[in-house]
Every structure is written in C-alpha cells, then in structure tokens.
Amino acid sequence: MMTRPILIGLALCAACCVSAQAQTVLYVDANADLTPHNGSDWCHAYLTLTDALAAAGANTTIRVANGTYRPGTSRNSTFGLIDSVTISGGHAGCNDGGDERNIARNETILSGDLAGDDQTGGDNSENSYHVVTGSGRDATAVLDGFTITGGNADGSPDHGGGLYIDGGSPTIVNCTFRRNSAGYGGAVMVSAGNDPTFTNCRFVGNSAPLGGAVYADSGSAVFTNCVFAGNWAEGSGGAILAAVFDGTLVNCTFANNTGPSGGGAVHLLFGNNLTFANCILWGNTPNQIEEFGSSAVVAVDRTCIQDGWTGTGNITTSPQFARDPGPGSDGEWGTPDDDYGDLTLQGGSPAIDAGDSSAILAGVYVDLALNVRVLDDPNTTDTGVGIGVPPLTVDMGAYEHPIFSRNLGDVDGDGDVDLEDFAFFFEEFIGPR
Ligand SMILES: [Ca+2]
Ligand SMILES: [Ca+2]
Ligand SMILES: [Ca+2]
Ligand SMILES: [Ca+2]
C-alpha cells in the first residue's frame with residue numbers, strides 16, 4: 001500500500017502533466033544544411049513549412065527562419081492553421097543565430113506567388129487562391145511573425161487571398177499582409193467567426209473590387225494595434241468592407257486607403273455593429289467611414305477621424321504622421337514605388353495622450369512597434385482618459401509616442417549631437433574639477 005506522501009506526490013505530478021503539457025518544437029529553415037531534414041534542430045530543419053505542418057502533433061511550436069515559403073504547386077495549396085499549434089516566424093535559423101528573433105530583420109514570407117514571377121514580368125494568375133487558411137480553428141491556432149503576400153482569390157470563393165477564415169477564431173499576431181488580391185477582401189476574409197483576433201498586424205497594398213484588405217462577411221473579429229495603409233478597392237471599402245458583422249477595432253490606424261464608391265477606410269453594408277476606440281482614420285479617399293444600410297451601428301470614440309464622427313473625445317485635426325503614405329511618383333497604387341509611410345506620431349501630434357486607456361483589451365501590453373503600449377508624454381497635456389496614479393494615457397493609433405523623443409546622445413538638448421555633448425558628458429563623468 002502506498003504511503004500518503006507518495007499518493008500526494010503522484011497526484012501533484014498528474015496535475016502538472018495536465019496543466020503544463022510539454023510543447024514539442026519543430027524547426028523550418030529553407031537554408032538548413034544538414035541531413036536528415038527531420039525538423040529536430042535548426043540545421044536539420046525541414047526545408048518547407050508544409051512538411052512541418054504535416055508532422056505537427058498537438059501542442060507544437062513550429063519555429064521558422066527567414067526566407068520565402070510557398071504552400072505548394074497547385075492554386076488550391078494553402079498553409080492550414082492547426083489547433084494548439086503556434087507557427088512562429090522571424091527567427092535567424094541555421095548557422096545564423098538559431099532561435100534569435102527579429103521579425104523585421106528576419107522577414108519570413110509566406111508567398112502565394114507559386115511561380116515566383118510577380119515582380120519579374122509575370123502576374124498573379126497562377127498564384128495560390130488563399131495563402132493561409134484558418135477555417136474552423138480555435139484561438140490556440142496561432143500565426144505569429146510572418147509576411148503573407150501574393151494570394152489571389154479569383155476562384156470560388158473569391159474571398160481572402162492572404163487568409164481565409166470561414167468560421168473559427170484563430171490568433172493572428174505580428175503579421176504583415178502585403179499585396180494580396182481577391183474579389184472581396186484582398187488580404188483577409190472572415191465569415192461566421194467567433195472573434196478571430198488580429199493583433200499588431202499591418203495590411204498594406206492589398207486590393208479587391210470590394211474590400212481592399214478585409215471582407216468581413218459575418219460573425220465577429222477583433223483588431224488591435226493594426227495598420228491599414230495603401231489598400232484599395234475598385235468599388236467600396238478601401239480597407240474594410242463589412243456586410244453583417246460585429247467588429248471591435250482598438251488603436252488601429254487607417255491611412256490613405258481608397259474606395260472610390262465610398263468608405264475609403266471602411267464601408268458598412270447591413271446589420272453591422274462596429275466599435276472604434278483610440279483609432280486614427282486619416283487621408284482615406286473619398287471619405288473615412290460610410291454606412292450604406294440604415295441598420296449599421298457604428299460607435300466611434302477617442303478617435304482621430306478626418307471627416308468627424310459623433311462620439312466622445314473624437315478629433316478632426318491632422319495626426320501628424322512621421323511620413324504620410326503615398327502612391328509614389330507614378331500616382332498609382334500597386335506599383336513598385338508605392339510608399340506605405342511611417343505612421344508613428346510626430347512630437348506635438350494631437351493624437352498623443354488623447355485615447356482612453358480603459359478601452360485597451362486585456363493582455364495588450366505593447367504597440368505595433370513592440371514598445372510599451374501606454375506611456376505618458378510629459379511634453380503633451382493629456383486630453384484622453386488615463387489609468388493609474390499618476391495617470392497614463394494611451395495615444396490614438398497603432399503606435400505609442402515614445403517618452404524619449406530626443407536623441408539620448410543629445411546631452412545638452414540643443415537638437416544635435418556634437419563635441420559640446422561630449423564635453424558635458426565628460427565633465428559629469430570625471431566630476432568637478
Ligand atoms: Ca505569379
Ligand atoms: Ca506607385
Ligand atoms: Ca500616451
Ligand atoms: Ca502627457
């Protein structure tokens with residue numbers, strides 16, 4: 001018969017095993033140079049993400065090194081998200097730093113351009129219909145740190161070239177959707193979803209006849225700290241076209257999206273219920289938000305919106321982006337000289353300390369640049385709603401204005417870094433003479 005301490009120990013062990021199921025890690029690196037390529041470490045990594053997805057069991061993290069990965073050779077090929085599997089991009093990989101992660105420097109691209117010819121005289125007629133698919137998945141299906149590009153949903157369904165979600169609630173974080181196209185929702189289609197989440201994502205240069213970046217057909221979704229810039233529709237909804245949809249958008253920036261028929265940023269068709277908090281909608285053409293159906297409900301608060309909107313704490317003055325997006329010297333979006341801008345805020349922007357910190361969703365601690373989400377700018381009088389003592393007030397838009405806006409090397413604060421700064425520093429360093 002077992003003694004009482006042993007029984008307790010076994011019970012604790014069982015509890016631990018249930019609550020902290022071990023994560024299996026698989027590695028993907030197109031440049032891995034050792035055989036066999038079984039995914040066991042960076043230099044024995046799978047050469048394709050497709051192989052890793054096929055091998056992934058429950059509770060797996062797939063780490064992917066920088067490079068370009070295509071879902072297959074057929075237009076129907078797609079990267080399918082999997083419940084309890086996290087796919088993590090932006091790693092340095094074999095012979096180059098292993099797990100070390102920097103999403104911008106180690107750009108990890110999921111490309112639907114199957115022939116690799118979109119930029120070299122070819123077109124997207126052979127591209128994947130949906131680069132990534134998340135239908136029916138729950139929030140434990142995670143895609144983190146990728147650029148999704150080259151999807152072309154011109155088949156049936158002609159929705160969501162970059163990511164197609166028909167029902168489900170996958171978690172999409174730190175992803176850039178760039179230059180995808182479709183009939184509806186060039187980058188993403190969400191339908192009948194139960195709050196799929198998009199956090200710290202960028203939607204740039206996507207296009208479609210309707211809903212340049214996103215087609216929100218039905219269900220619900222949550223967008224936090226996201227940027228929509230330089231997307232265009234031939235008709236309405238330059239960034240988002242919503243049909244019968246419940247959407248929550250917190251700290252999102254919409255800039256220079258185009259939908260000639262109305263709703264340069266967002267176009268609402270029927271029984272929508274959308275909430276915008278701490279957002280910026282600026283420079284979208286011909287207008288920012290347009291409601292088509294009378295049953296659309298749009299709550300807009302603590303938001304910088306160029307045309308104005310009824311709500312609490314909204315402003316209509318320029319957010320003073322560091323650099324406005326623009327189509328380049330050819331005047332057309334969709335060509336190589338397009339510039340998606342720098343949508344951080346200049347010092348003195350009226351969007352600084354003008355949001356409502358209580359509107360930030362649970363678990364959100366960083367902004368789109370992965371800096372602290374809520375800071376007080378001591379140079380800006382708070383016009384929003386802060387939390388804490390002393391109160392910290394979030395900015396409008398996807399980026400929080402940093403506290404240290406001047407160069408730290410500028411010791412004497414005169415706006416440049418020169419020998420005088422060194423002299424000040426040296427005097428402090430050696431102490432009083
Ligand atoms: Ca192509
Ligand atoms: Ca251009
Ligand atoms: Ca702030
Ligand atoms: Ca302040």
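Tutor: Let's start with a term: a nonpolar core is a set of buried Ala, Val, Leu, Ile, Met, Phe, Trp, Tyr and Cys residues joined through C-beta atoms within 7 Å. Keep in mind that this is a predicted model. The largest nonpolar core here has 103 residues, and Phe203 and Ala242 touch the most other members. Strand S23 gives this core its largest share, seven residues.

Student: Which residues does Ala242 touch, leaving out those up to four places away in sequence?

Tutor: They are Ala216, Gly247, Val266, Leu268, Leu269, Asn272 and Leu274. As a general point, nonpolar side chains in soluble globular proteins tend to be buried together.

Student: Why is Ser191 called buried?

Tutor: The cut-off for buried is 20 or more other C-beta atoms within 10 Å. Ser191 has 23, so Ser191 counts as buried. You'll find Ser191 in strand S16, residues 188-193.

Student: Which residues is Ser191 in contact with, apart from its neighbours within four places in sequence?

Tutor: Ile165, Asp166, Gly167, Asp217, Ser218 and Gly219. Take Gly219: Ser191 and Gly219 are 28 residues apart in sequence, yet their C-alpha atoms are 5.7 Å apart in space. For the protein as a whole, take contacts between residues at least 6 apart in sequence: 71% of them join residues at least 24 apart.

Student: What makes Ala55 partly exposed?

Tutor: A residue is exposed with 12 or fewer such neighbours and buried with 20 or more, and partly exposed in between. Ala55 has 14 other C-beta atoms within 10 Å, so the label is partly exposed. Across the protein, buried residues make up 50% of the 433 residues.

Student: Where is Ala55, and what does Ala55 touch?

Tutor: Ala55 is in helix H2, residues 49-55. Not counting residues up to four places away in sequence, Ala55 touches Leu26 and Gly39. Leu26 is 29 residues from Ala55 in sequence and 8.7 Å away in space, C-alpha to C-alpha.

Student: How do you know that strands S1 and S2 pair?

Tutor: Pairing takes at least two bridges. Five bridges join S1 (residues 24-28) to S2 (residues 60-65), so these parallel strands qualify. Leu26 stands opposite Ile62 in S2. Together, S1, H2 and S2 make a right-handed β-α-β unit.

Student: What makes S10 and S14 a pair?

Tutor: Use the cut-off of at least two bridges again. Strand S10 (residues 147-149) and strand S14 (residues 176-178) have three bridges in the parallel sense, so they pair. In this pairing, Ile148 stands opposite Phe177 in S14.

Student: What is the strand order in the open sheet of nine strands?

Tutor: The order is S3-S7-S10-S14-S18-S21-S24-S27-S30, with parallel pairing.

Student: Why are S3 and S30 called edge strands?

Tutor: Strand S3 (67-69) and strand S30 (304-305) each pair on one side only. There are other parallel pairings too. S23 (residues 240-250) pairs with S26 (residues 273-277) over five bridges, and Gly247 has Leu274 in S26 as its bridge partner. S26 also pairs with S29 (residues 297-301) over five bridges, with Val300 in S29 as the bridge partner of Phe276. In total, the protein has three helices and 32 strands.

Student: What about Asn174 and Asp195: buried or partly exposed?

Tutor: Asn174 has 21 other C-beta atoms within 10 Å, and the cut-off is 20 or more, so Asn174 is buried. Neither is a glycine, yet phi is positive: near 55° for Asn174 and near 60° for Asp195. Asn174 sits in the loop between strand S13 (171-173) and S14, while Asp195 is in the loop between S16 and strand S17 (197-199).

Note on methods:
Residues numbered from 1 in each chain as written. Chains lettered and ligands numbered in written order. Predicted model: local features only at pLDDT ≥ 70, side-chain atom pairs only at ≥ 80, totals over all residues. Helix = DSSP H or I, 4+ residues; strand = E, 2+ residues; numbered from the N terminus. Contact = placed C-beta atoms within 7 Å. Right-handed = clockwise from strand over helix to strand, strands pointing away.
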